[in-house]
Structures are given as C-alpha cells and as structure tokens.
Amino acid sequence: MASEPTVSGIRSIYRDLRRQAQRSWWAKCSTKLSAWYKKWHLEYRVRPLPELDLPRATLHRLLALRSSHGDFSWYHMKFAHNDAKLDCSCGRKKTPTHLVHCRKTARLFGQWPVRPPFPPSSLSESIGYLSCLMAKPADFAKFLEVTEFYSKICTR
C-alpha cells in the first residue's frame, strides 16, 4: 500500500511549484521592460520590499529614478509642462543620473554612503553607483539626506 502524502510534503511541493511559476512569469514579463529599467538589474522578489520602509518622498524619488518618469527635463518637455524648471541650480539639465554628476553633490563626495573611489564620471559609472544605492534603499535615503539634492540643490 502506498503511503499518503504528509502536510509537510504537500507544502514543500506547493512552495516549489509557486517558485517555478513566479520565475517563469518574471522571465516572460521582464522581456517587455524598458531598456532604462533593465539597466538597474533589479531582481524579482515577492517578499516585502525594503523600499516600502522609506518615507513617501524618498520612495517617490527612488521610483522616479528607476523609471525615469519624474522631475526630469525630457519628461517635462515631452508632456509640455511649461511651468517646470528644466535645469538644476548648477545650470545643467535635470536627468535621472544628474544627482551623482552635479558639481554641488560632488563637493560632498566624502560623505556619500558606500561611495566608489572617485565620483562617477560616465553614464555607466553613475548607473553602477545608483544601482548599489537602490539595492539598499536606506543608502539611497542617506545619499539624499547628505547631499540635500532634491531639497536644496535641484528643487522643483
């Protein structure tokens, strides 16, 4: 006579099937992501995201940076926001990666969290650094706090 499955065995099978379904769903969906979003190499997680512990304004900045939809020059021009400020206070255009290239934040480089040996000078270096910050949302929040980028340097 064959033994009947145990509750524990059924749970294990369920977890394996659920993980398989999640992986295949993400593999299918991730092909449709924009090239900009794919640059961040974010993993798919079902667990509660650490980003959700951030203050709402910081979470907004993180999500705007990831999606490139936010207070950026190209975005305001595309949607004809005539009253928007297109430039940072340093005089350069607002871009998603400008917060690490701005000369005003570069002055505070010694205080940046988990900083690289030198300030990012290329697009790939800035994306690499921002990816590290976004992997640990508390570091991203610390960067914004130290630089005061959105509160004093590059305001709306």
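Predicted model: local features only at pLDDT ≥ 70, side-chain atom pairs only at ≥ 80, totals over all residues.
## Glutamate 125 and its contacts

Contact here means heavy atoms within 4.5 Å. Leaving aside neighbours within four places in sequence, glutamate 125 is in contact with Pro119 and Pro120. Glutamate 125 sits in helix H7; helices (H or I, at least four residues) are DSSP runs, numbered from the N terminus. With a relative accessible area of 41%, glutamate 125 is partly exposed, where buried means under 20%, exposed over 50% and partly exposed in between (1.4 Å probe, protein chains only).

Residues are numbered from 1 along each chain as its sequence is written, and side-chain values use heavy atoms, with hydrogens and water left out.

## A loop glycine

Now for glycine 110, which lies in the loop between helix H6 (103-106) and H7. Glycine 110 is exposed, with a relative accessible area of 53%. Its C-alpha atom and that of alanine 141, 31 residues apart along the chain, are separated by 16 Å.

## Where H3 meets H8

How do the axes of helix H3 (residues 56-67) and helix H8 (residues 137-147) cross? They come within 10 Å and cross at roughly 105°. The axes are lines fitted to C-alpha atoms, for helices over the stretch in contact, and angles run from 0 to 180 degrees between N-to-C directions. That makes H3 roughly perpendicular to H8, a label for angles of 65 to 115 degrees.

On the H3 side, Thr58, Arg61, Leu62 and Leu65 take part, and they meet Phe140, Ala141 and Leu144 in H8. By class, the contact of H3 with H8 has five nonpolar residues, one polar and one charged. For these classes, Ala, Val, Leu, Ile, Met, Phe, Trp, Tyr, Cys and Pro count as nonpolar, Asp, Glu, Lys and Arg as charged, and the others, Gly among them, as polar.

## Pockets

A pocket is an open set of points on a 1 Å grid over the protein atoms alone, with protein on both sides within 12 Å along at least five of seven lines; lining residues have an atom within 4 Å of a point. Grid points are joined across faces, edges and corners, and a volume is the space filled by probe spheres set on the points. The largest pocket has a volume of about 280 Å³. Its lining counts 16 residues, and the closest to its centre are Leu42, Glu43, Leu49, Glu51 and Arg66. Helix H7 (residues 123-135) gives the most to this lining, with three residues. The lining splits into 10 nonpolar, two polar and four charged residues.

The second largest pocket holds about 240 Å³ of space. Among the residues lining it are Arg18, Arg19, Trp26 and Tyr44. Its lining has three nonpolar, one polar and five charged residues.

## Cavities

A cavity is a set of grid points where a 1.4 Å probe fits but cannot get out. The structure holds two cavities of 30 Å³ or more. The largest cavity has a volume of about 40 Å³, and its lining includes Lys94, His98, Phe149 and Cys154.

The second largest cavity has a volume of about 30 Å³. Which residues line it? They are Arg61, Ala64, Leu65, Gly70, Asp71, Phe72 and Tyr150, with H3 giving the most, three residues.

Conventions: Helix = DSSP H or I, 4+ residues; strand = E, 2+ residues; numbered from the N terminus. Parallel < 35°, antiparallel > 145°, perpendicular 65-115°, else oblique.
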